[in-house]
Amino acid sequence: MKAIPRISHFFIMVLFTVVSFNNVAAPALYKVEKNGTSSYLFGTVHVGDASMKGLPANVTKAIDESEHVIVEVDISKLTPFQMQQRSMPLMMLKNGKTLQTELSKQNYNKLKNYFAKKSIDIAMFSNFKPWAVMVTMMQIEFQSAGFSDQTGIDKQVLAYAKEHNIKIGELETLEQQLQMFDGMALLSNEMIEETFEQLSDINTYFIKLVNAWKNGDMDTLTDYYNMSFDESNYGEISEQVMLINRNNKWVEQLVPRLNNEKLFIAVGALHLPEQHGLIKQLKDKGFSVTRL
């Protein structure tokens with residue numbers, strides 16, 4: 001088998017949530033049952049293109065049958081100004097630190113050249129944390145490739161729930177989600193280096209991954225995952241911070257409710273599979289989890 005390039009863990013967080021890890025090219029929708037109470041677990045895509053507009057009929061039917069829609073963060077309740085007001089303090093460096101002091105000279109110059117080519121002065125980001133700068137870079141590249149969070153499945157689920165007056169709950173706050181990246185602050189240079197490698201070939205590292213998800217190409221998706229969350233210090237910390245810690249907290253919240261309420265749980269699809277994924281953890285708690 002041809003070796004697949006290692007993909008950065010930061011890319012995985014923002015991009016790899018498109019992965020459904022299923023045997024066919026269809027959204028990852030599961031029924032979760034115990035003691036006669038049924039809920040749904042849905043693997044979502046955080047960014048999408050025009051072809052992803054519109055929820056599948058089986059998904060809207062599942063939402064209609066549910067009492068509450070549960071998402072990672074309910075951004076539908078926040079205005080753009082509120083989003084900025086709450087996120088900016090968490091994105092800024094403190095105690096005299098600057099973007100330049102947090103990165104190696106080589107990586108800082110890479111960023112400087114990247115933004116210069118786009119007629120953007122890196123001085124705009126001098127007080128931003130490295131991960132916040134990388135979010136900006138990815139937004140630029142995703143938009144250039146025709147992808148946006150506006151056509152992401154999460155936002156479509158929220159819009160459908162609001163339109164049909166279904167109550168919405170969240171598993172974590174915006175602040176908690178952003179603070180997650182601080183857990184990887186010591187790996188900033190590693191994230192920068194790998195992210196630049198992916199940006200140099202957006203077709204291989206993004207478009208092909210999205211197409212693999214659409215086509216149900218499990219071999220390619222699984223290879224990318226396993227080669228990224230490897231046994232290196234970087235790989236293990238990334239998986240712990242981005243996935244395992246959050247999954248464990250979510251299961252603690254969900255299990256008591258799943259015993260009595262009909263929930264439609266929509267989270268990034270990467271949170272569903274593998275040893276610490278929601279599917280296995282819910283099964284371990286005595287729930288029947290069936291792919292629809």
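Which residues of helix 7 (residues 153-163) are buried? Taking buried to mean under 20% relative accessible area, with exposed over 50% and partly exposed in between, for a 1.4 Å probe and protein chains only, they are Ile-153, Asp-154, Gln-156, Val-157, Leu-158, Tyr-160 and Ala-161. The model is a predicted one, in which local features need pLDDT of at least 70 and side-chain atom pairs count only at pLDDT 80 or more, while totals for chains, interfaces and linings use all residues. Residues are numbered from 1 along each chain as its sequence is written, and side-chain values use heavy atoms, with hydrogens and water left out.

The buried residues of helix 7 pack against strand 2, helix 2 (57-64), strand 3, strand 4 and strand 5, where contact means heavy atoms within 4.5 Å, and where helices (H or I, at least four residues) and strands (E, at least two) are DSSP runs numbered from the N terminus. Helix 7 is followed by Asn-165, which has a positive phi near 55 degrees.

The strands belong to an open sheet of six, with mixed pairing and the order 4-3-5-2-1-6; two strands pair if DSSP finds at least two bridges between them. Strand 4 (167-170) and strand 6 (288-291) are the edge strands, each pairing on one side only, and the twist from one strand to the next averages 25 degrees. Within the sheet, strand 3 (residues 68-71) and strand 5 (residues 263-268) run parallel and are joined by four bridges, and Val-69 has Phe-264 of strand 5 as its bridge partner. Helix 12 (residues 233-258) packs on the sheet, touching strand 1 (28-34), strand 2 (37-44), strand 3, strand 4 and strand 5, and its direction makes about 165 degrees with that of strand 5; axes here are lines fitted to C-alpha atoms, for helices over the stretch in contact, and angles run from 0 to 180 degrees between N-to-C directions.

We turn now to pairs of helices. Two packed helices are described by the angle between their axes and the distance between the axes. For helix 3 (residues 80-91) and helix 8 (residues 174-182), the axes come within 10 Å and cross at roughly 30 degrees. That makes helix 3 roughly parallel to helix 8, since angles under 35 degrees count as roughly parallel, over 145 as roughly antiparallel, 65 to 115 as roughly perpendicular and the rest as oblique. The contact is made by Met-83, Arg-86, Ser-87 and Leu-90 of helix 3, together with Leu-174, Glu-175, Leu-178 and Gln-179 of helix 8.

Ala-185 and Pro-130 are 55 residues apart in sequence, and their C-alpha atoms are 8.0 Å apart in space.

Helix 9 packs with helix 5 (residues 105-117) at an angle of about 40 degrees, the axes being 10 Å apart, and therefore helix 5 is oblique to helix 9. This contact brings Asn-107, Lys-110, Leu-111 and Tyr-114 of helix 5 together with Asn-189, Ile-192, Glu-193, Phe-196 and Leu-199 of helix 9. Helix 5 also packs with helix 6 (residues 130-144), at about 35 degrees and with the axes 12 Å apart; here Leu-111, Tyr-114 and Phe-115 of helix 5 meet Val-133, Met-137, Ile-140 and Glu-141 of helix 6.
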